[in-house]
Amino acid sequence: SELEMFVDELPHLPKILGFDIVSGVPGSKSLEIGMFEKKWKFHRDLPPTPVYAFGVSKRTATVPGPTIEALYGIDTYVTWQNHLPSKHILPWDRTIVTATPTNKTGIPTTVHLHGGMVEPQSDGFANSWFTAGFREKGSTWTKETSHYDNRQQPGNLWYHDHAMGLTRINILAGLFGAYIIRHPKSEAPLRLPSGDEFDRPLIVFDRSFSTNGSIYLNRVGDNPSIHPHWRPEYFGNTIIVNGKAWPRMTVRRRKYRFRVLNASNARFFRFFFTNGLGFTHVGSDSVYLNEPVVTNEIFLAPSEIADVVVDFSKSKNNTVILANDAPYPYPVGDSVDEANSKVMKFIILRRLEVDTSRVAKKLMRYPLPDLSGASRTRYITMYEYRSATGEPTHLYLNGKSFEAPVTEIPKVGTTEEWNVINLTEDNHPLHIHLGLFAAVEQTELVNATEFKECMKRMNDAIRCQISKYAGGKRIEVPAQEKGWKNVFKMKPGFVTKIFVRFSYVHSNASYAFDATAEPGYVYHCHFKRDYTSVMIVPTGIGAAIG
Ligand code: C2O
């Protein structure tokens, strides 16, 4: 890419409050947020790019969309309005399983609040899509307004399109944004850097652009005779933060809190500062850690979130680059190139600031589940098939496609042990809707090919004697990822043990989900190819899917 780096300022994303204050008391709020086609300047020297953007109006819509700030325990209602015209700005492959309006006009969208513990009707189920004006709807669509009751730990969520077969390109077009749940009573005493200046989301993603400014992706599919446009993975050569390519940010010589989200479709990021400045992790995905963890890097698969404090008063230099050294595809790709090895630049003002923020030694106390208390053990095997007809590789979970009947029906209030066996070459970020989980350990498979052969014949990890094969080296989960998460990196050739909890108990409230309602919930790998194919398996948790 020829674009000059670090010429645009890091944008402040618009903020929308998900609550009202009426005579000093917070109360619920109803929002209407639209999806608009408009043009977006990703870089000073790049012509405006056609995008899909979230916003309360077309004029104020942004990429990423506005940051929604909700309050713990206060209901936020959002009517997501689709204002998109009928022709997609990116190649929509209708030969894969995809949302299909009957009269073939309109772009299906649905919005999932990622990390949210919400009723299934508001979870953005892939078949709950709708087109402009709700003219056409998918089979599981139930209502226009999503209800988020925000009764979960304070932390970092994000919202994004989740429509069947279109998530990949709808997100590439710009349909995503940050959502923060705050719990002032328990967070204020932590005295972390706060306020719009010192507490900022950093939403990082990759795109490529044509010379006319439009988003570039190869229109020719991986196997065009079967799927003319479908390319499961996307890698762009330009790194964007909060809507600008390789931006810069001028900071004071003090602490900042950054909520760093990898919003890429397939790119992993391993961020580090070129001068060795460290990160203090205070949260991982949507949940605070019990104690802060200091590292020199942030390693994020697509859709993972790191919540970190950076203390610029510790910087030896007046400028520092946030860099990336994760190869792509991860981990089999050879290297990073110059363009995607840089992310953004910080210019640090010289004057030392009075900084009353701090990072407490203890953050929140969210005990991990008792490892012996699991009510069930499940084995989830990821492997890829290439059919005899040369059909491109599809990734299945336990040999099942999205269309298969419901596979897991956990009981609300229980904890389960899941062993995720990754027989592919790629590291897959597994995401489970509704259930938070804790990663326990990763164990390498020995004789993985033999096990894989057996799985192809029998598709049953127990009968294929998984315990015999899961005998290689063990890897500890990094300290900053040991808390409650909603995405975890499934290392290729390893079995990853996670404990999933299907309910949530906060220190001063307890909440059980109506997990028996339609359409249920899904779990899936968070490469956006999932929705475009047969890669995800719905787990209508406690329910059949419609
Ligand atoms: Cu981030 Cu099923 O989604």
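**Notes on salt bridges, a disulfide and the domain contact**

1. At 5% relative accessibility, lysine 489 counts as buried (buried is under 20% relative accessible area, exposed is over 50%, and partly exposed lies in between, with a 1.4 Å probe and protein chains only). Its salt-bridge partner is glutamate 481, with 2.9 Å between the closest N and O atoms (a salt bridge needs a side-chain nitrogen of Lys or Arg within 4 Å of a carboxyl oxygen of Asp or Glu). Glutamate 481 is buried too, at a relative accessible area of 7%.

2. A word on the ground rules, since you will want them: this is a predicted model, in which local features need pLDDT of at least 70 and side-chain atom pairs count only at pLDDT 80 or more, while totals for chains, interfaces and linings use all residues. Residues are numbered from 1 along each chain as its sequence is written, and side-chain values use heavy atoms, leaving out hydrogens and water.

3. How many salt bridges does the structure hold? The count is 31. One of them joins arginine 267 to aspartate 206, at 2.9 Å from N to O. This pair links distant parts of the chain, 61 residues apart: arginine 267 sits in the loop between strand E17 (255–262) and strand E18 (269–273), and aspartate 206 belongs to strand E12 (residues 199–209). Helices (H or I, at least four residues) and strands (E, at least two) are DSSP runs, numbered from the N terminus. Both arginine 267 and aspartate 206 are buried.

4. Alanine 266 is buried, with 3% relative accessibility. Leaving aside residues up to four places away in sequence, alanine 266 touches Glu233, Tyr234, Phe235, Pro302 and Phe527 (contact means heavy atoms within 4.5 Å). Isoleucine 215 is 51 residues away along the chain from alanine 266, and their C-alpha atoms are 16 Å apart.

5. Is arginine 474 buried or exposed? Arginine 474 is exposed, at a relative accessible area of 60%. Arginine 474 makes a salt bridge with glutamate 441, where the closest N and O atoms are 3.3 Å apart. Glutamate 441 is in strand E29 (residues 436–444) and arginine 474 in strand E30 (residues 474–476), so this bridge ties together parts that are 33 residues apart in sequence.

6. The disulfide is worth a look. The rule (a pair of cysteine sulfur atoms within 2.5 Å) gives a count of one disulfide. Cysteine 454 and cysteine 464 are its two ends, with an S to S distance of 2.1 Å. The link is left-handed, with -85 degrees about the S-S bond. Cysteine 454 is buried at a relative accessible area of 9%, and cysteine 464 is buried at 2%.

7. Strand E19 (residues 279–284) has six of its six residues buried, so the rest of the structure largely encloses it. E19 runs antiparallel to strand E20 (residues 287–295), with five bridges joining them (two strands pair if DSSP finds at least two bridges between them). E19 and E20 make a hairpin with two residues between them, and aspartate 285 in the turn has a positive phi of about 55 degrees. Strand E22 (residues 305–311) also runs antiparallel to E19, joined by four bridges. Histidine 281 faces valine 293 in E20 and valine 308 in E22.

8. Finally, the domains: domain 1 (15–184), domain 2 (195–352) and domain 3 (376–539), with bounds from an automatic or database domain assignment. The centres of domain 1 and domain 2, taken over C-alpha atoms, are 22 Å apart. Their contact takes 36 residues from domain 1 and 39 residues from domain 2. Between them, domain 1 and domain 2 bury about 3200 Å², 63% of it on carbon and sulfur atoms (buried area is the accessible area, with a 1.4 Å probe, that two parts lose on being put together, summed over both). On the domain 1 side, Phe42, Asn156 and Leu172 lose the most area to domain 2, together 23% of what that side buries.

9. Two salt bridges cross the interface of domain 1 and domain 2. Arginine 182 and aspartate 199 form a salt bridge at 3.4 Å, N to O. Both residues are in a salt-bridge network whose members include Lys15, Glu69, Arg182, Asp196 and Asp199.
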